[in-house]
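Look over the chain and the fold shown below. Then read on, one region at a time.

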Amino acid sequence: MQKIKAVSQSDYIKDIARFGLENDQEKLLMALNELIAHSKTTKKTNLALQLQSILKDSIRQQQSKTLMKVGSPVHFQRIEDKETDDLILEKITSEYSFENIIGEDGIKSELEYLVKEHASTDLLHYYNLPVANKILLHGPSGCGKTLASYVVAGELQKMMIVVNLGAIVSSKLGETSKNLAKLFRRAAAEDCIIFIDEFDSLGKVRDYGQDHGEMKRVVNTILQLFDYLPQTSMLIAATNQIDMLDPALLRRFDLNLKFELPNETQINDLIKLTLKNGKYKFDEPKQVDEIIAACKGLSYYSIQKTIVSAIKRSLFDKKPGKMRSLTLTIKTAIWSELISAEKKSLQITS
Ligand SMILES: Nc1ncnc2c1ncn2[C@@H]1O[C@H](COP(=O)(O)OP(=O)(O)O)[C@@H](O)[C@H]1O
Ligand SMILES: [Mg+2]
């Protein structure tokens, strides 16, 4: 008797390979759609999202390929798609969750509320309540702004478009506003998170020539685009120079979160998070608190970097043959030295 086996992911992949090589578009699409459905039911949401996005992009491209009447709406759509592609740095999905980020309880609970709101848009709409969807993350570099955006994308299992602001801010008059409008249109159509890093670059429009009007125009464009952002989309902007931003713009964010340098408790948590399996000890445990105190002024990123280097160097310091023991011993002297070097290179004196 033949054994009945459930269809698995690899069956779909084999089908897709076969139909792809046979140039059987119809069956290929069917298999792809089946794989998307299968991924959703097996909780591989990110894979489903990515496949859906590939499918959407390719359908759009094919439509414009077959109907190439110059000057037709399809023709313009194609040009615009190509242009928005240049404005997008990457399209990602994320596996990060709240467990991956350390910070003040206030920040963490705000992020949790944000995720809750977006997971319950139907409920909020029922009561005619608006969903907070314009978020500003600010604070020193290396303190988790980008990470927080990944956490939100991962928790909500949404696609995130990472915007290349360098490409958007143009020295050509009126071009920046146009680019922004294109980008928001695209994002609105995709029901995703838009992440704009270095949001303060928009403030640099000021530097282009003496034209104050251009700066005003850009700010006004953003304010308008904010108003039209669909409630299912989310905009996350990040900056480490909040004072570069126009106050009118600042006021329009629904949520304004300030990230700070870590305190001693947070540094302890960061060490635990970095050494995930927890099988480590310091050779001089008594000195650890002192070194942590010396980390003052450094960002999460810098501290994590030194601890990782310290682990590697402590490992190489061991006698050959003893390198693969179960518990890792971190030499506090090495770590301490790395912290000093990091502070020196960043010109932190305290
Ligand atoms: N609050 C934090 N909690 C845990 N790790 C952090 C935190 N902030 C920074 N890191 C570590 O440093 C890296 C860089 O941080 P990032 O989010 O890019 O900083 P920012 O965007 O604020 O400049 C992260 O990928 C992570 O490994
Ligand atoms: Mg960043």
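## The nonpolar core

The largest nonpolar core has 59 residues, and V163, I193, I194, F195 and I236 have the most contacts inside it. A nonpolar core here is a set of buried Ala, Val, Leu, Ile, Met, Phe, Trp, Tyr and Cys residues joined through C-beta atoms within 7 Å. A residue is buried if 20 or more other C-beta atoms lie within 10 Å of its own, exposed if 12 or fewer, and partly exposed in between, with C-beta atoms placed from the backbone. The largest share of this core comes from α7, which gives 6 residues. Domain 1 (98–258) and domain 2 (264–345) both give residues to this core, so it lies between them. The domain bounds come from an automatic or database domain assignment.

What does V163 touch, not counting residues up to four places away in sequence? V163 touches L87, I88, L89, I168, L183, I194, F195 and I196. Two residues are in contact if their C-beta atoms, placed from the backbone, lie within 7 Å.

## The model and the chain

This is a predicted model: local features need pLDDT of at least 70, side-chain atom pairs count only at pLDDT 80 or more, and totals for chains, interfaces and linings use all residues. Residues are numbered from 1 along each chain as its sequence is written, while chains are lettered from A and ligands numbered from 1 in the order in which they are written.

The protein chain has 15 helices and 8 strands. Helices (H or I, at least four residues) and strands (E, at least two) are DSSP runs, numbered from the N terminus. Of the 350 residues in the protein chain, 26% are buried. Take the contacts between residues at least 6 apart in sequence: 78% of them join residues at least 24 apart.

## Strands β3 and β4

In a regular strand the side chains alternate between the two faces of the sheet. Now look at strand β4 (residues 193–196). I193 and F195 are on one side, I194 and I196 are on the other, and all are buried. Both faces of β3 are covered too: M160 and V162 sit on one side, I161 and V163 on the other, and all are buried.

Two strands pair if DSSP finds at least two bridges between them. Strand β3 (residues 160–163) and β4 run parallel, joined by 4 bridges. V162 has F195 as its bridge partner in β4. I161 stands opposite I194 in β4. On to strand β5 (residues 234–239): β4 pairs with β5 in the parallel sense over 4 bridges. Here I193 stands opposite M234.

In which sense do strand β1 (residues 88–92) and β3 pair, parallel or antiparallel? They pair in the antiparallel sense, over 4 bridges. The bridge partner of E90 in β3 is V162.

L89 is found in strand β1. L89 is partly exposed, with 15 other C-beta atoms within 10 Å. Leaving out residues up to four places away in sequence, L89 touches V162, V163 and N164. L89 and L165 are 76 residues apart along the chain, yet their C-alpha atoms are separated by 8.8 Å.

## The shell around ligand 1

There are 16 residues around ligand 1, and G144, K145, T146, L147 and Y300 come nearest. A residue is near a molecule if its C-beta atom, placed from the backbone, lies within 6 Å of it. The shell divides into 9 nonpolar, 6 polar and 1 charged. Ala, Val, Leu, Ile, Met, Phe, Trp, Tyr, Cys and Pro count as nonpolar, Asp, Glu, Lys and Arg as charged, and the others, Gly among them, as polar.

Helices α7 (145–156) and α14 (300–317) each supply at least two residues of this shell. Domain 1 and domain 2 each give at least three residues to the shell.

## Loops

N23 is in the loop between α1 (9–21) and α2 (25–41). Phi of N23 is near 60°, a positive value in a residue other than glycine. N23 is exposed, with 8 other C-beta atoms within 10 Å. N128 lies in the loop between α6 (121–126) and β2 (134–138). N128 is not a glycine, but has a positive phi of about 60°. N128 is exposed, with 6 other C-beta atoms within 10 Å.

G297 lies in the loop between α13 (285–294) and α14. G297 counts as partly exposed, with 15 C-beta neighbours inside 10 Å.
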